[in-house]
Amino acid sequence: MSTLKLEVVTPDKTVVSEDVEMVICPGSEGEFGVLPQHISLLSALKIGPLRYRRDGKDECIFISGGFADVNNNKCSVLAESAERDCDIDQARAEEARKRAEKRLAEHTDDLDEARAEAALRRAIMRLEIARKAI
C-alpha cells in the first residue's frame, strides 16, 4: 500500500514521525484529508483531532492549532501543542475544563474572554479525544 510521511512537531518535541496511509487534519476552514501523492498544500490548523491511519489502524492526536505543510509526499504539522490520545491525562484535562468554566462564569473585568474560551475548547477537545469520542 502507498504511504506518505507524517511528522507532527511541537516547540518541545516530535510527537509523530511515521509512514501512514492517510491523514485528516483540523483545518481552520474545516477538516481536510491527505493521501499519498497529494498536491502541495499549506493550511492553518485549529484546535481539534488530527486523525491518521497506519497499518490499517486509526490513530488520533490532539492538536492545539498550528500549520500543516503537505509537500513531496510528506505532511508536516507544526503544532502549538500536540498529544497522542493515549498520552492525555484525563484528570488534568477535566481540571482545566472546570477552571475555564469557572473563569467564564465569574466574568470579572480583567477576564480575557477569548483566552478563557480557547482554554475551555482545548480542555473539552482533549477529553473527547482521550475518551475516544472523536
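**View 1. The exposed side of helix H1.** Let's start on the outside: Ala91, Arg92, Lys102 and Ala105 are exposed on this side of H1 (exposed means over 50% relative accessible area, buried under 20%, with a 1.4 Å probe and protein chains only). Helices here are DSSP runs of H or I with at least four residues, strands are E runs of at least two, and both are numbered from the N terminus. This is a predicted model, where local features need pLDDT of at least 70 and side-chain atom pairs pLDDT 80 or more, while totals for chains, interfaces and linings use all residues. Residues are numbered from 1 along each chain, and side-chain values use heavy atoms, without hydrogens and water.

**View 2. The buried side of helix H1.** Now turn to Ala93, Glu94, Ala96, Arg97 and Ala100, which are buried. They cover an arc of only 160° around the axis, so they lie on the same side of H1; the arc uses directions from the helix axis to the C-beta atoms. Helix H2 (113-130) is included in what covers the buried residues of H1.

**View 3. The two ends of helix H1.** At the start, a side-chain oxygen of Asp89 comes to within 3.1 Å of the backbone nitrogen of Ala91. After H1 comes His107, with a positive phi near 45°.

**View 4. The largest nonpolar core.** This core has 21 residues, and Leu6, Val8 and Leu50 are among those with the most contacts inside it. A nonpolar core is a set of buried Ala, Val, Leu, Ile, Met, Phe, Trp, Tyr and Cys residues joined through side-chain atoms within 4.5 Å. Its largest share, four residues, comes from E6.

Note on methods:
Contact means heavy atoms within 4.5 Å. A polar contact is a pair of N or O atoms within 3.5 Å; within protein, one must be able to donate a hydrogen and the other to accept it, and residues adjacent in sequence count only if both atoms are side-chain atoms.
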